[in-house]
Amino acid sequence: MNTADLKQRIIETADEYHGIAEEQWAQAVDLEPSNDESAFEFRRLIRAAMLYYSRACLVLAMVETDAEQELEDVVEIVAEQDEELDVFFRQNRVLEVMDEESEMNISRVFAVAESVRTLLLQHSNQLAASLDSRFAE
């Protein structure tokens, strides 16, 4: 596979992951958790969105992941790639907040998830913008 094809494949895969993440995010935002079942579904959708936003970042960073890896594994790999994200994840106890079994307040889950989403999207944009220069190295 030549460089142009590889770059195209990276962008297409990242776009696919981003699309899945956006779909999951939109479903979560549309939910109004009013009971334990809907709160669990909200957490599940948020976790799915974060997983795919993280996977998009890693594809753009040219780091392979396994389809079997769960959110905790993928977030750990993302944190290893970027110190700013690592600090944010640790300071805000992101994995604890995102735990689908967590008793954490839904508004806290959403606030942390929204911040993580913003950081991951920014990081993805930076990685996408630098893709050509990273291939030139």
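**Entry 1: Lys-7 and its partner**

I looked up Lys-7 to begin with, and its relative accessibility of 22% makes it partly exposed. This is a predicted model, so I am reading computed values throughout. I then searched for salt bridges over the whole structure and got 6. One of them joins Lys-7 to Asp-132, with 2.8 Å between the closest N and O atoms. Which parts does this pair tie together? Lys-7 sits in helix α1 and Asp-132 in helix α7 (residues 131-136), so the bridge connects parts 125 residues apart in sequence.

**Entry 2: Glu-22 and Arg-117**

Staying with α1, I moved along to Glu-22. Glu-22 makes a salt bridge with Arg-117, and the closest N and O atoms are 2.9 Å apart. Arg-117 belongs to helix α6 (residues 106-129) while Glu-22 is in helix α1, so this pair ties together parts 95 residues apart in sequence. Is Arg-117 buried or exposed? I find Arg-117 buried, at a relative accessible area of 17%, because the cut-off for buried is under 20%. Glu-22, at 27%, is partly exposed.

**Entry 3: Arg-47 and Glu-72**

Next I turned to α2. The side chains of Arg-47 and Glu-72 meet in a salt bridge, 2.9 Å from N to O. Arg-47 is in helix α2 and Glu-72 in helix α3 (residues 71-81), and I note that the pair links distant parts of the chain, 25 residues apart. For accessibility I have Arg-47 as buried, with a relative accessible area of 11%. Glu-72 comes out as partly exposed at 27%.

**Entry 4: Arg-55, a buried arginine without a bridge**

I stayed in helix α2 (residues 36-60) for Arg-55. Arg-55 is buried yet has no salt bridge. How far away is the nearest side chain of opposite charge? It belongs to Asp-66, at 6.1 Å.

What does the Arg-55 side chain reach instead? I found the backbone oxygen of Gln-69 at 2.9 Å from the side chain of Arg-55. There is also a polar contact of 3.5 Å between the side chains of Arg-55 and Thr-65. Leaving out residues up to four places away in sequence, I listed what Arg-55 touches: Tyr-17, Thr-65, Asp-66, Ala-67, Gln-69 and Val-74.

**Entry 5: the largest pocket**

I went looking for open space next. The largest pocket has a volume of about 350 Å³. It is lined by 13 residues, and those closest to its centre are Arg-9, Thr-13, Val-59, Val-63 and Glu-64. Which element supplies the largest share of this lining? I get α1, with 5 residues. Helices α1 (3-30) and α2 each supply at least two residues of the lining.

**Entry 6: the largest cavity**

The whole structure holds 1 cavity of 30 Å³ or more. About 30 Å³ of space lies in the largest cavity. Which residues line the largest cavity? I noted Cys-57, Leu-58, Ala-61, Val-78, Gln-81, His-123 and Leu-127. Helices α2, α3 and α6 are the elements that give two or more residues to the lining of this cavity.

Notes
Residues are numbered from 1 along each chain as its sequence is written. This is a predicted model: local features need pLDDT of at least 70, side-chain atom pairs count only at pLDDT 80 or more; totals for chains, interfaces and linings use all residues. Side-chain values use heavy atoms; hydrogens and water are left out. Helices (H or I, at least four residues) and strands (E, at least two) are DSSP runs, numbered from the N terminus. Buried means under 20% relative accessible area, exposed over 50%, partly exposed in between (1.4 Å probe, protein chains only). Lys and Arg count as positive and Asp and Glu as negative; His and the chain ends are not counted. A salt bridge is a side-chain nitrogen of Lys or Arg within 4 Å of a carboxyl oxygen of Asp or Glu. A polar contact is a pair of N or O atoms within 3.5 Å; within protein, one must be able to donate a hydrogen and the other to accept it, and residues adjacent in sequence count only if both atoms are side-chain atoms. Contact means heavy atoms within 4.5 Å. On a 1 Å grid over the protein atoms alone, a cavity is a set of points where a 1.4 Å probe fits but cannot get out, and a pocket is an open set with protein on both sides within 12 Å along at least five of seven lines; lining residues have an atom within 4 Å of a point. Grid points are joined across faces, edges and corners, and a volume is the space filled by probe spheres set on the points.
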